[in-house]
Amino acid sequence: MRRVAAALIMLLVAACQPAGAPSAAPSQGSPARDGRRAPERGVPQTLDELVARVEPAALEWQDEPHLAEVSVALGADGSWTQARAVSLAAGADRLLTGGVTPDGLFQQRTTRSTLGLQPVSGDGRVELPARPDDVAEPRHLVAAAEAPVAACDAGPVVQVLYATGAPVSWDGQAWSVAPEWTATLTDAQGAGATVDPAGDGPVADPCIAAPPQ
C-alpha cells in the first residue's frame with residue numbers, strides 16, 4: 001500500500017511542475033522585498049533554510065498551512081540545484097508550491113480539482129505529522145540509502161522527495177493511507193527507492209519503477 005501511495009505522490013509531483021524540471025519557473029514578483037534588504041540569493045543547502053525561505057509566503061496564503069512535501073534536485077556533487085515545498089490547508093481548494101531556483105523564489109497554486117483531489121477537512125489536517133526532527137539532509141540520506149537504491153536498480157540519485165502522502169491519500173472523508181513522512185530517492189529516469197527519512201533503512205516494498213517513456 002505504501003508503494004502505491006509513493007507512486008501516486010510522484011505522479012502528483014509531475015503534475016505540479018513543468019516536464020523535465022523539479023519546479024515551476026519563477027513567477028513575476030515572487031522575490032519578496034520589504035524595503036530594508038534585498039531577497040536572499042542562491043539555492044538553500046539545508047531543509048531548515050528552504051523552509052525559512054518559503055514559509056512567509058505560505059503564512060500569507062493561509063492561516064495554518066501544513067508542510068506536506070519537500071523536493072530537492074541534486075547536482076553531481078550532491079549540492080542543491082533547485083528545491084520546492086508543497087503546503088496544504090484545511091478546506092483550501094488549492095495547493096501552494098513554493099521554492100527556489102538559481103533565479104530566485106517561485107510560487108505556484110494548483111487547484112485540487114484539476115488533480116482529482118479532495119479538500120482535506122479540519123480533522124484530516126490535524127492528523128498530518130510535522131516534519132520529523134531527525135530527518136536526514138539529502139546528501140546524508142543519499143549516502144545512507146546507497147544499498148536500497150542499488151537494490152532497486154536505480155542509478156545516481158538526482159532528486160530526493162520527502163512526503164507525507166498528503167493530499168493524495170485523502171479520499172474526502174479519511175486518509176486511505178495514514179500520513180507518514182518518507183523519503184523517495186530517484187535517478188534521472190525516475191527509478192529509485194523509498195526509505196525512512198532519518199536514514200534508518202528502506203520501508204517495506206521500497207522500489208519505485210521509472211515511468212514509461
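Residues are numbered from 1 along each chain as its sequence is written, and side-chain values rest on heavy atoms, with hydrogens and water left out. Because the model is predicted, local features need pLDDT of at least 70 and side-chain atom pairs count only at pLDDT 80 or more, while totals for chains, interfaces and linings use all residues.

The chain holds five helices and eight strands, where helices (H or I, at least four residues) and strands (E, at least two) are DSSP runs numbered from the N terminus. The order of elements from the N terminus is α-α-β-β-β-β-α-α-α-β-β-β-β. Of the 213 residues, 48% are buried; buried stands for under 20% relative accessible area, exposed for over 50%, and partly exposed for values in between (1.4 Å probe, protein chains only). Among contacts (heavy atoms within 4.5 Å) with a separation of 6 or more, 61% join residues 24 or more positions apart.

The largest nonpolar core comprises 28 residues, and those with the most contacts inside it are W80, L141, Y162 and L185. At least two residues of this core come from each of α2 (47–61), β1, β2 (80–88), β5 (159–163), β6 (182–186) and β7 (192–195). A nonpolar core is here a set of buried Ala, Val, Leu, Ile, Met, Phe, Trp, Tyr and Cys residues joined through side-chain atoms within 4.5 Å. A second, separate core has nine residues, including L88, V120, W170 and W175. Neighbours within four places in sequence left aside, L185 is in contact with L141, V142, A145, V149, V157, Q159, V160, A191, G192, A193 and V195.

Two cavities of 30 Å³ or more were found in a search of the whole structure. A cavity is a set of points on a 1 Å grid over the protein atoms alone where a 1.4 Å probe fits but cannot get out, and lining residues have an atom within 4 Å of a point. Grid points are joined across faces, edges and corners, and the volume is the space filled by probe spheres set on the points. The second largest cavity contains about 40 Å³ of space and is lined by L47, V70, R131, P132, V135, Y162, W181 and P197. This lining has seven nonpolar residues, no polar residues and one charged residue, with Ala, Val, Leu, Ile, Met, Phe, Trp, Tyr, Cys and Pro taken as nonpolar, Asp, Glu, Lys and Arg as charged, and the others, Gly among them, as polar.

V70, one of the lining residues, lies in strand β1 (residues 66–74) and is buried at a relative accessible area of 2%. Beyond its neighbours within four places in sequence, V70 is in contact with L47, L50, R84, A85, V160, L161 and Y162.

One disulfide (a pair of cysteine sulfur atoms within 2.5 Å) is present in the whole structure. It joins C152 and C207, with the sulfur atoms 2.1 Å apart. The torsion about the S-S bond is about -85 degrees, so the disulfide is left-handed. C152 sits in the loop between α5 (146–151) and β5, and C207 in strand β8 (residues 202–208), so that the pair links distant parts of the chain, 55 residues apart. C152 is buried at 11% relative accessibility, whereas C207 is partly exposed at 25%.

Methods:
On a 1 Å grid over the protein atoms alone, a cavity is a set of points where a 1.4 Å probe fits but cannot get out, and a pocket is an open set with protein on both sides within 12 Å along at least five of seven lines; lining residues have an atom within 4 Å of a point.
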